[in-house]
Amino acid sequence: MLGTDIDRTFPGMWPVPLRPLPDELLTSWLVRLARAHGLRLHTFCSLYWPRKQMWNRDLDRFADSDVIAVLAEHTGIPYSDAYDTMLRSWEHVIFEKCQTRTNSDWILPVGIYHRIRRRHGLQYCPECLGENGLPYFRKSWRLAFVTCCTKHRLRLSDSCPHCGKPVVFHRVNQHQSLAQCPFCDGYLTSRIAPTTCDELTLTWANCQQRVLESVLRIGYAEVDGEAVRTQDYFAGLGHLCRLLAHRDLRSQRLRLAISDECGLDLPAIPSREHRSLIRFEDLRCDNRAKILSLAGWLLSDFPRRLARLLEVSHCPDSYWLKHRDLSLPKWISTSVTEIRRR
Ligand SMILES: [Zn+2]
Ligand SMILES: [Zn+2]
């Protein structure tokens, strides 16, 4: 065991300079590094960042340049590769800015309370996690529009399949695997949590996710014969998902009209007493998969299908276009409104 042989004043590489694995989340990489050096996570972090509060905030969103620089220096990788493990690396790609004081669009909240995680904002694919005997957590599992693993055609899980608690891999001890639940010791890879989605919904959610992965890969989306840049596409899709997730009667009518026509599952939107649970990002994986499948069905013949269903469900433009203070990208606002005017 290397243990405290690591000297934090040592200027060179760490004895086991693990690099981040493909799509690895910053915290997953940090936990693997600490374990590789035979140190408890807290000890490892206090050696290198003695004055920083690391685990009582969402480090994957908020890690500062000092954390990233130390990791890059001691593992011998470029700063940009280390920075890529942060959720902030999607700024100007999926969203404008990764917010530090409020919730961020498309980022699942983990509900940090001291060192506890109260929300189900970290998902995983049991098959991916069990691959090659090297469990690690993917950055994309923190995204609200990611609800399936397209490689294994599985819906993602967002809790321990044995005790139902949120995934908190940074609290496992040295004798546990990263794929174990620190609360009940159960393996996240040994059982698939039951889903309330039917087969048709899962198929649509999986298709929709393939489309979104391809948009990210090629840098634009094709909508009704026009190219739309990635960030605008996600801004429009986010608007549509929030509209479909809303508790308002008009959104309820719209969801029902779509479901009646295509036979897809209806999401169970939390009731009024849960006032804080109104964002798409606050919903659990099954409900987000249902909303994304409805959105995917609408977008597969856009803008005609949406314009018609808005008519059927008596949603006026003033409701459909209402959206915080942000201006909507043209591809989603103008085309639907034009069809309705005609
Ligand atoms: Zn998988
Ligand atoms: Zn558990």
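The domain bounds I use here come from an automatic or database domain assignment. I am working with a predicted model, and these are my notes on it.

**Entry 1: the domains.** I looked up the domains and found domain 1 at residues 3-171 and domain 2 at residues 199-341. Their centres, taken over C-alpha atoms, lie 30 Å apart. Next I checked how the two touch: 22 residues of domain 1 are in contact with 20 residues of domain 2. On the domain 1 side of that meeting place, I noted 12 nonpolar, six polar and four charged residues.

**Entry 2: the whole protein.** I found 13 helices and six strands in the protein. I then looked at its extent, and the C-alpha trace spans about 75 × 35 × 35 Å along the principal axes. Buried residues make up 41% of the 342. I also looked at contacts with a separation of 6 or more, and 67% of them join residues 24 or more positions apart.

**Entry 3: one residue up close.** I picked alanine 307, which sits in helix α11, residues 304-312. Is alanine 307 buried or exposed? I found 20 C-beta neighbours inside 10 Å, so alanine 307 counts as buried, since the cut-off for buried is 20 or more. Which residues does alanine 307 contact, leaving aside neighbours within four places in sequence? They are Val336, Ile339 and Arg340. I followed up on arginine 340: alanine 307 is 33 residues from it in sequence, yet their C-alpha atoms are 6.2 Å apart in space.

Technical notes:
Residues numbered from 1 in each chain as written. Chains lettered and ligands numbered in written order. Predicted model: local features only at pLDDT ≥ 70, side-chain atom pairs only at ≥ 80, totals over all residues. Contact = placed C-beta atoms within 7 Å. Nonpolar A, V, L, I, M, F, W, Y, C, P; charged D, E, K, R; others polar. Helix = DSSP H or I, 4+ residues; strand = E, 2+ residues; numbered from the N terminus. Buried ≥ 20, exposed ≤ 12 C-beta atoms within 10 Å, placed from the backbone.
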